[in-house]
Amino acid sequence: MRSDYLFTSESVSEGHPDKVSDQISDGIVDLFLSKDPEARIACETLTTTQLVVLAGEIRCKGVYENGAWAPGAQEEIEKTVRETVKRIGYEQDGFHWEKFEFINRLHGQSDHIAQGVDAGDNKDEGAGDQGIMFGYATDETPDLMPATLYYSHKILERMAADRHSGAAPFLEPDAKSQVTLRYEGSLPVAATAVVVSTQHAPGYDEGANEAELHDYVKRVIADVIPPVLLRDTTYYINPTGSFEIGGPDGDAGLTGRKIIVDTYGGASPHGGGAFSGKDPTKVDRSAAYITRYLAKNVVAAGLATRCTIQIAYAIGVSEPLSLYVDTHDTGSIGDDKIEEAIKGIAKLGGLTPRGIRTHLGLNKPIYQPTAAYGHFGRKPDGDFFPWERTDLVDDLKAALA
């Protein structure tokens, strides 16, 4: 296995147009799950200059039944959308939370999909779609995430916090980051390049204002990335020059276009399915969460320093078609034995869609916070980010004893 190389990951801020769309879609998921924990949601969002469009299929008791909206439901949906955009901070001529046109094209879920997914008298709840999902963990960072993505997220999180607090009033919501690390012996030893492009207030693309912005970004980078890695680092800050027009006004946004940012920054395979806008019966979401949970617990248990897990489903079928574990020659025990141990842990419910949802507690309005700065590597907090817990360590060790 190659041990000396350069690797790069990127992140985008909460104000990136695709992330605006993701947060809106997950705001709708949370709204419906708060009304009906068994709601079915597949909500796609389009954002562009002064326009937000929702499309997709839903089923939700008390909100949308028998082909009709409950009184006030559509108004509550629009309120959720506008409050999401307001929280992000868009009050610009080209995209303003209070002024954009809103179009709702959500409609009822197909009966043909429902009959395969719903539990019946003689069948368990089936997977909401076919597909393959991957989970990954590595000991490069305390959160067991790839360091390139970890630092890329942290830079933008810090900048957003400073923008909201007023500490950096020249920042606007749209931003991107990218970190390139040199690896030796499979561990990061130096940041060779850091790229940050941030939307800014007028006049911060020249002279003293531009210098202030550049100095600020370099301070954030120095606070986030350990000094030992910042040796001979090349910085690219707003390399194209001006970045005044951004967000949905600068580029249209769509739900689900940042799946590598959402997961592992390219350090792990991806099955192709997006997360945001989907209720947890969709295994694109819930199975990606359980595989991260499993991989993280394998590494946390000291069974490996890197772990990739794949799982596969067929639509309408409850049992997974396959489970695959790869510890990349870093394991202290055979990958096949880890697979068997996982299959034997009863609390995981056989890794059926219902078993996953039950074990992780996914039928709750917990999803909008996932829609910016990554679904993984986050701190579990109450009902939020339960797939980041390491409470399966003892079960894995016991199963392998």
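Modeller: Gladly. Helices α1 and α2 are oblique to each other. This is a predicted model, where local features need pLDDT of at least 70, side-chain atom pairs count only at pLDDT 80 or more, and totals for chains, interfaces and linings use all residues. Residues are numbered from 1 along each chain as its sequence is written, and side-chain values use heavy atoms, with hydrogens and water left out.

Colleague: Why are α1 and α2 called oblique?

Modeller: The axes of α1 (residues 17-35) and α2 (residues 73-88) cross at roughly 135° and come within 9 Å. Axes are lines fitted to C-alpha atoms, for helices over the stretch in contact, and angles run from 0 to 180 degrees between N-to-C directions. Angles under 35 degrees count as roughly parallel, over 145 as roughly antiparallel, 65 to 115 as roughly perpendicular and the rest as oblique. The crossing at roughly 135° is therefore oblique. Helices here are DSSP runs of H or I with at least four residues, strands are runs of E with at least two, and both are numbered from the N terminus.

Colleague: Which residues of α1 and α2 meet?

Modeller: From α1 come V20, Q23, I24, G27, I28, L31, F32 and K35, and from α2 E76, I77, T80, V81, T84, V85, R87 and I88. The residues of this contact of α1 with α2 divide into 9 nonpolar, 4 polar and 3 charged. Contact means heavy atoms within 4.5 Å. Ala, Val, Leu, Ile, Met, Phe, Trp, Tyr, Cys and Pro count as nonpolar, Asp, Glu, Lys and Arg as charged, and the others, Gly among them, as polar.

Colleague: What makes F32 buried?

Modeller: F32 has a relative accessible area of 0%. Buried means under 20% relative accessible area, exposed over 50% and partly exposed in between, with a 1.4 Å probe and protein chains only. F32 is therefore buried. Leaving aside neighbours within four places in sequence, F32 is in contact with A39, I41, I58, C60, V63, W69, I77 and L106.

Colleague: What makes β1 and β10 the edges of their sheet?

Modeller: The open sheet has 4 strands in the order β1-β8-β9-β10, with mixed pairing. β1 (5-12) and β10 (234-237) each have a single partner strand, so one side of each is left without a neighbour in the sheet. Two strands pair if DSSP finds at least two bridges between them. Strands β8 (residues 171-184) and β9 (residues 187-200) run antiparallel and are joined by 11 bridges. E184 stands opposite L187 in β9. Helix α5 (residues 207-224) packs on the sheet and touches β8, β9 and β10.

Colleague: Why are α4 and α5 called oblique as well?

Modeller: The axes of α4 (residues 147-165) and α5 come within 9 Å and cross at roughly 125°. They are therefore oblique to each other. In this contact, 8 residues are nonpolar, none polar and 4 charged.

Colleague: What makes α10 largely enclosed?

Modeller: In helix α10 (residues 353-360), 6 of the 8 residues are buried, so the rest of the structure largely encloses this helix. The buried ones are P353, G355, I356, R357, H359 and L360. Their cover includes α8 (283-300) and β12. Just after α10, G361 takes a positive phi of about 65°.
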